[in-house]
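Load the model in a viewer and keep the selection tool at hand.

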Amino acid sequence: MRMKKILAVALSVAMVFSLAACGKKDEGKNPAEGENITATVAPTAPAEDESDDKAEAGVITPDFVAGTAGEKLWNDFLATVKGNPDLAPVDVANLLSLNPVIQFMAGGMEVEPGYLAGFSEEISGFESGAMYGPMMGSIAFAGYIFELADGADVNAFINTLKSKADPRWNICVSADYTQVGAYENTVYFLMYPAEMDNAAPEGGEGAGDVVDATVIYPDVAENTWGESLWEAFETTMNDNPSATAVDAAFMVSMHESIPEEAMFGSAEIMPGLLAGFNNYEVTGFKSGAMFGPMMGSVAFIGYVFELEEGADVNAFMTNLTDNADPRWNICVEADQTVVGAYNNMVFFLMCPNSAQGE
């Protein structure tokens with residue numbers, strides 16, 4: 001795997017986390033040193049696999065209750081960093097934001113050492129970090145991913161987070177659970193309200209899937225790059241039915257079929273003249289994102305468009321197909337055009353038959 005950078009600057013810059021929306025409370029009301037801040041709702045049972053995880057080398061498992069949102073987000077974190085050891089903290093944060101237990105609009109953004117929402121004092125001692133949480137509204141949720149230097153004292157950093165965490169950093173609401181764990185030198189921190197547990201999808205793998213989704217499959221040749229990326233899009237929507245266009249574009253841009261040497265990313269777009277179309281303004285969508293190479297001449301351009309509920313998806317797809325120009329980049333020409341839809345999310349792609357380097 002390789003490091004993926006996100007171009008969705010608009011998402012990160014425009015994001016106004018509610019984590020401090022109502023302001024900080026007076027410093028005198030911060031919890032005393034050593035005060036138990038782990039939860040105001042007592043755990044009822046340990047996680048079934050807690051002893052196994054704690055015995056695993058490099059894993060420091062936080063305390064959580066089995067079947068809760070906290071357990072699901074920790075398991076998601078652990079699977080993500082184990083399977084993708086080169087991901088930056090902001091990439092991990094964005095992926096965790098897509099977990100179906102988070103039923104508000106969430107996103108990730110990079111953070112620097114200093115005063116961070118959710119803590120009573122400055123947090124330092126990490127090389128890179130990212131936070132994820134609600135983009136609007138007052139919700140007592142703050143998630144962080146911190147990457148420490150090789151050889152750093154992970155346990156000491158975890159203890160620092162615990163001692164400086166403040167569940168009432170947002171005076172409007174208060175978090176019920178504080179969880180801190182780590183995988184090797186990547187530290188996981190989460191504070192969230194108990195009501196998230198009641199809203200968390202039931203079941204294990206595949207929970208939250210949309211069983212009766214309306215899918216319009218593209219006419220795409222088997223064993224091609226286009227087929228692989230369409231399947232990545234469909235899988236993303238199956239696993240995260242509330243994913244935004246930016247979320248879906250980001251996930252596709254990270255697909256394993258994209259060569260190691262290629263630097264792909266995603267970015268939010270607005271209606272108007274878009275790369276890949278011949279003097280045609282693409283309109284009629286309420287949000288959209290593009291994904292593709294960040295540099296070099298590659299006959300590749302991908303889009304995810306979110307239409308309004310009840311919009312004519314087939315007509316929108318027909319307009320894309322009729323106005324697509326495989327030679328929009330005069331240096332190269334795309335071999336295939338792939339257009340499909342998942343409910344009101346439209347997937348558009350022009351690309352070579354095979355990924356570069358294959």
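Over how many bridges do strand β13 and strand β14 pair? Select residues 336-342 for β13 and 345-351 for β14: the two pair in the antiparallel sense over seven bridges. Within this pair, Ala-341 stands opposite Val-346 in β14.

Two notes before moving on. The model is predicted, so local features need pLDDT of at least 70 and side-chain atom pairs count only at pLDDT 80 or more, while totals for chains, interfaces and linings use all residues. Residues are numbered from 1 along each chain as its sequence is written, and side-chain values use heavy atoms, with hydrogens and water left out.

**The sheet**

Strands are DSSP runs of E with at least two residues, and helices are runs of H or I with at least four, numbered from the N terminus; two strands pair if DSSP finds at least two bridges between them.

**Salt bridges**

The count is two salt bridges (a side-chain nitrogen of Lys or Arg within 4 Å of a carboxyl oxygen of Asp or Glu). Show Lys-286 and Glu-306, whose side chains meet at 3.6 Å, N to O. Lys-286 sits in the loop between β10 (281-282) and β11, and Glu-306 in strand β12, 20 residues apart. Glu-306 is buried at 16% relative accessible area, whereas Lys-286 is partly exposed at 45% (buried is under 20%, exposed over 50%, partly exposed in between, with a 1.4 Å probe and protein chains only).

Then go to Arg-327 and Glu-333, with closest N and O atoms 3.6 Å apart. Arg-327 is partly exposed at 40%, and Glu-333 is partly exposed at 43%.

**Nonpolar cores**

Finish with the largest nonpolar core, of 32 residues (buried Ala, Val, Leu, Ile, Met, Phe, Trp, Tyr and Cys joined through side-chain atoms within 4.5 Å). Phe-77, Ile-102, Tyr-132, Phe-141 and Tyr-188 have the most contacts inside it. Among the elements giving two or more residues are α3 (69-83) and β3 (128-134); α3 gives the most, with six residues. Apart from this core lies another, of 28 residues, including Met-237, Tyr-342, Leu-349 and Ala-355.
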